[in-house]
Protein chains: 2
Amino acid sequence: MSEPRPPEPRSGPPVTPSEVEGASAEHLNQRWAATLVGALVGGGVRHAVIAPGSRSTPLALAFADRPDVKCWSVIDERSAAFFALGLSKSTGTPAVVVCTSGTAGAHFLPAVMEAGEGGTPLVVLTADRPWELHGFGAPQTIAQVGMFGRYVRAAEALPTPDEEGLTHLAAVTSRLVHLAKSAPRGPVHLNVPFREPLAPVGGALVIDPPVTTFAPVTVTADLSVVNAAIASAKRGLIVCGPRERNDGFGEWVHALGARLGFPVIAEAASNARYGFPEAIGVVDTLLRNQRFAEAMKPDVVLRFGGGLTAKGPQAWLDACGARIFQFTDEGSPFDPNHRAEQLIPFSPSPRLGEGRGEGRASWRATWATAQDAVLAIDPGNELIEPLVARHFIAALPQGTPVFLSSSMPIRDVDAFAIRGQPLRVFTNRGVNGIDGITSTALGVAAGTGRPTALLIGDVALLHDLSGLLIARRHALSLTMVVVNNDGGGIFHFLPIATRTPHFEQLFGTPHGVDLAHAASLANATLHRPGDLAELGRTVASCLEGGLHLIEVRTSRIQNVDVHRALFAKLAEAVP
Amino acid sequence: MSEPRPPEPRSGPPVTPSEVEGASAEHLNQRWAATLVGALVGGGVRHAVIAPGSRSTPLALAFADRPDVKCWSVIDERSAAFFALGLSKSTGTPAVVVCTSGTAGAHFLPAVMEAGEGGTPLVVLTADRPWELHGFGAPQTIAQVGMFGRYVRAAEALPTPDEEGLTHLAAVTSRLVHLAKSAPRGPVHLNVPFREPLAPVGGALVIDPPVTTFAPVTVTADLSVVNAAIASAKRGLIVCGPRERNDGFGEWVHALGARLGFPVIAEAASNARYGFPEAIGVVDTLLRNQRFAEAMKPDVVLRFGGGLTAKGPQAWLDACGARIFQFTDEGSPFDPNHRAEQLIPFSPSPRLGEGRGEGRASWRATWATAQDAVLAIDPGNELIEPLVARHFIAALPQGTPVFLSSSMPIRDVDAFAIRGQPLRVFTNRGVNGIDGITSTALGVAAGTGRPTALLIGDVALLHDLSGLLIARRHALSLTMVVVNNDGGGIFHFLPIATRTPHFEQLFGTPHGVDLAHAASLANATLHRPGDLAELGRTVASCLEGGLHLIEVRTSRIQNVDVHRALFAKLAEAVP
C-alpha cells in the first residue's frame, strides 16, 4: 500500500488546479479521477467494485488511493455490478461499480435495471476512449454516452479531463450521487473518457472537493382521506410486501396494527415477519380455504412495500372490494392492477391512523387464531422443497442477513417459513430476475460484514457461476443452500408443463451438473445433509463463517404435487 | 416430438387469420408467434437459441414446432446471445436469440454490441408483458421498448397479438431480418408482448407467410482514383486486418498481390494468412528492426478488413506517409486515425487494379526474403506463450474452425504463428471484449458442425463460466487451449505495471482457481501437456471430437521479458 494523503477538511471557494499539490499537465487524468472520486466520497460512497481494465486505470487508482474507500476487485462486470447492488442494499449507501471501455459496461445493465426497479442507489462509472477515437473503428470502442438509456435516474457524459472542468466535475458528480440517494432512489451513470497516458506519474493523490449541498427531497401527503377511512373501517387489514430498508419499519407497522386493531399480513421479504410473532404469514394457505377467503374480506387495506410474491393473496386483495391505500417508498408508482384509491409517499412515521379503532379485537383475533391452527399442523419430515425453506429459515441465528433468490425459494419461504428469529431479509424483487443472485448476496455479505445465508435454486446458481469466484477472492462468508432439482422447477407450476412435448428441452432444461464441481471451483465446502434436522444443524454451523454450498436434491417432477398436497393439508386446518 | 405441419409453398395475397387452420381467439398468441417465426425462416433463419422463461412460451414453441429450425436451449441469456453470435458468424445466416421479459434481455447487450461493431447479423427477440402491466410495479417488468438503443440496426415494438396485425407482423419481421442481413449488417430487435394464457391450446402450428421481397443493397464506388494510384505506385502494399467472411477473400487478395507486385501483409484473423505461403505474417517482428522499418516504407497501401491487432505495425502505417485506401465491408466507416484517402465499400471483385505494375518484383521479394530469414530462426522449445500460440496453430488440421480470444491469444498468434494449414479463423474483434468468448466459440462449433479449436486466457474463461455449460448440454466438440497465468497477463505490458502498488489487486487479479474444477463442471476432459510437442499432439487428437480443456500454465511475471527477448532475437535476423 502507498501512503495516501489523508483527506483534510476543506472550506471556502471551489478547488482550482493550482491548489492541488503537484499539479501538472502530466497527471491531469489522475487529478480528474481523484476529484471525481473525492466528490463521490463526499456524497457518502464507501465501497468501490472494480473490474480490471486499462482505460479505467485513473479511476481504479483514485479509489485505491483513498483510505476511506474499500475496493473490491471482481473479474466479471456482470457479477461486479450485482455485487455492488448487494453492497448498496446492505449498507444503505450508494456503492460504485467501475469498468473499462467497450462492452464492459453493457454487463452492468441487468443490475442497473434491478437497482432502478428496486430503488437501490448505485453509481456506475464507465471509462471511455476520447471523442477523437469514436465512430471510425478504433478498438474496444462503442458509443457509450447514454448507454443505459432510461434505466438510470441520471447520466452525465463527461468530457475528457481538462483544467477548466475540475470544479464543475466535482459539482456534477456530487449532484449525481445526490440523485442516486434521493427519491426515487436508483442508479446513476457517469461516462468518463480518458486520453493516454493512463498510468500515473506521481504517487497517491487524494482530493476532497468542497461538497455541494442539495436540498433533500421531502415527501408529503394529505393523509386526511386515509385517516378518515381508517377511522370508519370495520375490518381493516395491513399488508406488507417486499421491503428491505433498515429503517425500523417492522416495529412501526406492528405497533400501528396493534393500535388500530388491523391484522398485519407480512410476507417473507417484508422485513416485518421474522421476529414479529403477531405477523400473519400463512395467508396463501388461509385463502386456499374458500370459506375463510370469503368470510374474511376486509373493507380497508393499507399496503406497504412491493407487490405480493404469492399470486393467490394478490388476486384476493384485488377482488375483495376494499378501499385500498398503497403506501410507496418515495412515491414511485406501484399499483400494477390499478386497485389503489391512493398512492401515498411513505416513510415510517407516527402520523398515520390517529385515534384508536373500536370493536376490531375479534376481527384481528380471528386471523391470529386461524394462523395458529395452521401452524399447529405437523407438516412431516420429508426433504421436500417447502420444508427445506421452513427449516432453512428456522435455523438462522438472530440478525442473520439472508438473501432469498427469485423463482421458487422466495415463494417457498413466503408460503411455508413463518417463524424465525429477527432477520435482515434481502431479495431482488425490483425486476425479479434469477440473474446475479449469488453476486448480490455476496454484496450483502460484504456490506453487512456478517456471514450471510442464501437460499437459491440450481438454475440461478449456474446462471451466475462466475459470481462464485468473488467469494473465493475476497474471503466472504456465505452459506448457500442450493435446492437442486436439476432444472427449472417453477415451470412445472405453469400450464405449459402439460401442453408441449418440448417441455424438458425448453423449460425443464435439465443440466446434469454435479454441484460438487461448482463448490470446488469456488473453494466452497460442500455439504449434503440427509434430512431436515441435519440441514438445520448444517446451516447453523456453516453460518459461523466461510463459504459453504449445502446441496439439497429434490424432485422437479414431484414438486408440484408435493406443494398441492401440503397446501391442502394445511388449508384443511383453518377453523 | 410432435408432428409439425411441413411448410407449404405459398403465393398470392397475404395470409389472413381465416386462412390459418384452426384459427381461434384462444390461440392467437400461438398464431402470432408462428407467423413471426415463419417470416424469420423465410428470411433465412435456421437456428434459434432459446433461454428458458415463461412469457416467451409462444415464441419458444413456435421455433420448436418448425422442422427447419434447430433449437438450442441455453440457461444464461448472456451466453445464449454470444452463442447465437457464433452461429451467425459461422453459418452466415442470422441466428435468433429469444428470452423472457425483465432483465433477461439486458444480458444480450454485450453480444448485441459485438454483433453491431463486428457486422454480424443477429435477430434478438425479447418477450414482454402487455402494455397494461407496465409502469406500475408489475413483476418482471421493465420498459423494454428500445432497450438496445443505438446498438441495434433497427428495433420494432410489436403490439400485443391481434387479428388485424397478422399480415403486418409478417412484413415487419421480414423487413427486420432483411435489415440484419443488409449493409451494414448487424443486430435487430423485436420486442414481443404477450397476454396470458401463454401455453398453447392445440398442437404444433407452422405458418409460412408470403416472403416480402426487398431490393438488395448494392455498394458501388468510383475506383478510378485508387486504380490511378495503384498504377503509379512504386512500393505498393496490401494490408489485411481481421475479416472472417467466408467469401474467398484470401484467394482473391493474394491473386491481386501477385498481379500487382504488392506484398500482402495478412494478420492472423484476416483469413488470408493460413494456407497462403506468400502471406507476410511476421510484420511486427520485421518492423521492430528499425533499419527495415525505415527502408521499407510503402507509397501506396490498400487496406482490407478491420484495424490491425498489433500496435506497432498500425503506428508504422499511420506514420509512413503513403497514400492509404481503406476498403471496408459494406462501406461502414473504418479509419480511426483518419489516415485513409478514401473509404471504399468492398466485396471481393476483379475490378481492382487493372493493368500490371512494373518493376515491383524486387520490392515484393525483399519482404518475402525478410520473412524467410525470421522463420529460419529456431525460437526454442520452452513452454512460453508465444510458442504455445505457434504450436497451437501448427497443430490444427486443414479447415479447422478456430476461435482466437481477445487480449493476448490473438496477439500471440498474430505475432508468432505464421504458418499453418488453411483454417477458418474467428474472433470477436468488433469491440474486442474478452466477454462471451467460450459461448461464441461454441456457437461457431454449432454453426460449422465441426470440432472447433479455441485459444483463450484464464480470465476470459472465468468470465464466461456458464458458457461452458452449453457444451455439456448440447454435446458440442470444442478443444479449449487455456493459457493459464493466473490473472490478467496483458496488463503487464502496460505502463501501469510499474506505476502502482495496487497492480496485483486491480490489474493482475490472481484468482487461484484450479481449472480442473472448471473442466469437471463442464464434463470436459482435462489435459496438461508438459511440453510443446505434447501440446501439439494433444490438440490434434482432441480435435477428433468431444469437449477438451487443455491447460498450459505460464508465468504472468516472466511473460513480458519472454516476449521482448523473442522479438529481439527474431528481429536481429532481419537481413
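**Chain contacts, domain arrangement and helix packing**

In this predicted model, 76 residues of chain B are in contact with 75 residues of chain A. On the side of chain B that touches chain A, two or more residues are given by each of the elements α2 (57-65), β2 (70-73), α4 (109-118), α15 (458-463), α16 (468-474), α17 (503-508) and α18 (515-522) of chain B. Of these, α4(B) provides the largest share, with 5 residues. When the residues on this side of chain B are sorted by class, 41 are nonpolar, 26 are polar and 9 are charged.

The arrangement of the two chains was then examined. Chain B is superposed on chain A by a rotation of 180 degrees, with 0.0 Å of shift along the axis and an RMSD of 0.0 Å. The two copies are therefore related as by a two-fold rotation axis. Among the residues of chain B, His517(B) comes closest to this rotation axis, its C-alpha atom lying at 2.7 Å. Both copies use the same surface, in that 97% of the contact residues of chain B recur in chain A.

Within chain A, the division is into domain 1 (17-193), domain 2 (224-373) and domain 3 (385-572). The centres of domain 1 and domain 3 of chain A, taken over C-alpha atoms, are separated by 32 Å. Between these two domains of chain A, 22 residues of domain 1 are in contact with 24 residues of domain 3. The elements of chain A that give two or more residues to the domain 1 side of this contact are α3 (77-91) and α4 (109-118). The largest share of that side, 11 residues, comes from α3(A). By class, the side of domain 1 that touches domain 3 in chain A comprises 11 nonpolar, 6 polar and 5 charged residues.

Helix packing in chain A is illustrated by helix α12 (residues 385-394) and helix α19 (residues 532-542), which pack at an angle of about 35 degrees with their axes 8 Å apart. The crossing in which α12(A) passes α19(A) is right-handed. From α12(A), the contact is made by Leu387(A), Val388(A), His391(A), Phe392(A) and Ala394(A). From α19(A), Leu532(A), Leu535(A), Gly536(A) and Val539(A) take part. The residues of this contact between α12(A) and α19(A) divide into 7 nonpolar and 2 polar, with no charged residue.

Definitions and conventions:
Residues are numbered from 1 along each chain as its sequence is written. Chains are lettered from A and ligands numbered from 1 in the order in which they are written. This is a predicted model: local features need pLDDT of at least 70, side-chain atom pairs count only at pLDDT 80 or more; totals for chains, interfaces and linings use all residues. Two residues are in contact if their C-beta atoms, placed from the backbone, lie within 7 Å. Helices (H or I, at least four residues) and strands (E, at least two) are DSSP runs, numbered from the N terminus. Ala, Val, Leu, Ile, Met, Phe, Trp, Tyr, Cys and Pro count as nonpolar, Asp, Glu, Lys and Arg as charged, and the others, Gly among them, as polar. Copies are superposed by least squares on the C-alpha atoms of residues with pLDDT of at least 70 in both. Domain bounds come from an automatic or database domain assignment. Axes are lines fitted to C-alpha atoms, for helices over the stretch in contact, and angles run from 0 to 180 degrees between N-to-C directions. A crossing is left-handed if the near helix is turned anticlockwise from the far one by less than a right angle, and right-handed if clockwise.
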